[in-house]
Amino acid sequence: MENAQDLKASDLQFEEDIDEKDLYVVDTKFNWTYVITHEKEMLGPYFVKKER
């Protein structure tokens, strides 16, 4: 996705079959990762940034 600087977590909602899907969003150089798991009540979302 290009020009995603205005992307918000609320924009990343599943519309169907949420119970069986995970979503991983990373930057082009894998410096950070944002994960929404299918275990909504128990786990996530997670954001991890690479140490420099």
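V48 is exposed, with a relative accessible area of 53%. The cut-offs are these: buried means under 20% relative accessible area, exposed means over 50%, and partly exposed is in between, using a 1.4 Å probe and protein chains only. V48 lies in strand β3. Helices and strands here are DSSP runs numbered from the N terminus, with at least four residues of H or I for a helix and at least two of E for a strand.

Before going on, a word on the source. This is a predicted model, in which local features need pLDDT of at least 70 and side-chain atom pairs count only at pLDDT 80 or more, while totals for chains, interfaces and linings use all residues. Residues are numbered from 1 along each chain as its sequence is written, and side-chain values use heavy atoms, with hydrogens and water left out.

Back to V48. What is V48 in contact with, leaving aside its neighbours within four places in sequence? The partners are N31, W32 and T33, where contact means heavy atoms within 4.5 Å. The C-alpha atoms of V48 and T33 are separated by 5.3 Å, and these residues are 15 apart along the chain.

K49 is also placed in strand β3. K49 has a relative accessible area of 60%, so it is exposed. Not counting residues up to four places away in sequence, K49 touches N31 and W32.

Is N31 buried or exposed? N31 is buried, because its relative accessible area is 18%. For N31 and K50, which are 19 residues apart along the chain, the C-alpha atoms are separated by 5.1 Å.

F30 lies in the loop between β1 and β2 as well. F30 counts as exposed, because its relative accessibility is 55%. Most residues other than glycine have a negative phi, and most peptide bonds are trans. F30 has a positive phi of about 55 degrees although it is not a glycine. The peptide bond from G44 to P45 is cis, with omega near 0 degrees. P45 is found in the loop between β2 and β3.

T37 is in that loop too, and the strands on either side are β2 (32-36) and β3 (46-49). T37 is buried, because its relative accessible area is 10%. Which backbone oxygen does the side chain of T37 reach? It is the backbone oxygen of L43, at 2.8 Å. That is a polar contact, a pair of N or O atoms within 3.5 Å; within protein, one must be able to donate a hydrogen and the other to accept it, and residues adjacent in sequence count only if both atoms are side-chain atoms. Leaving aside neighbours within four places in sequence, T37 is in contact with K21, D22, L43, G44 and Y46.

Next, the largest pocket. Rolling a probe the size of a water molecule over the atoms shows where empty space is left. On a 1 Å grid over the protein atoms alone, a pocket is an open set of points where a 1.4 Å probe fits, with protein on both sides within 12 Å along at least five of seven lines, and lining residues have an atom within 4 Å of a point. The largest pocket has a volume of about 360 Å³, a volume being the space filled by probe spheres set on the points. Its lining has 15 residues, and A4, L7, V25, V26 and W32 lie nearest the centre. The elements giving two or more residues to this lining are β1 and β2.

Last, the whole chain. It has zero helices and three strands, and along the sequence the pattern is β-β-β. Of the 52 residues in the chain, buried residues make up 15%. Among the contacts in the chain with a separation of 6 or more, residues 24 or more positions apart account for 4%.
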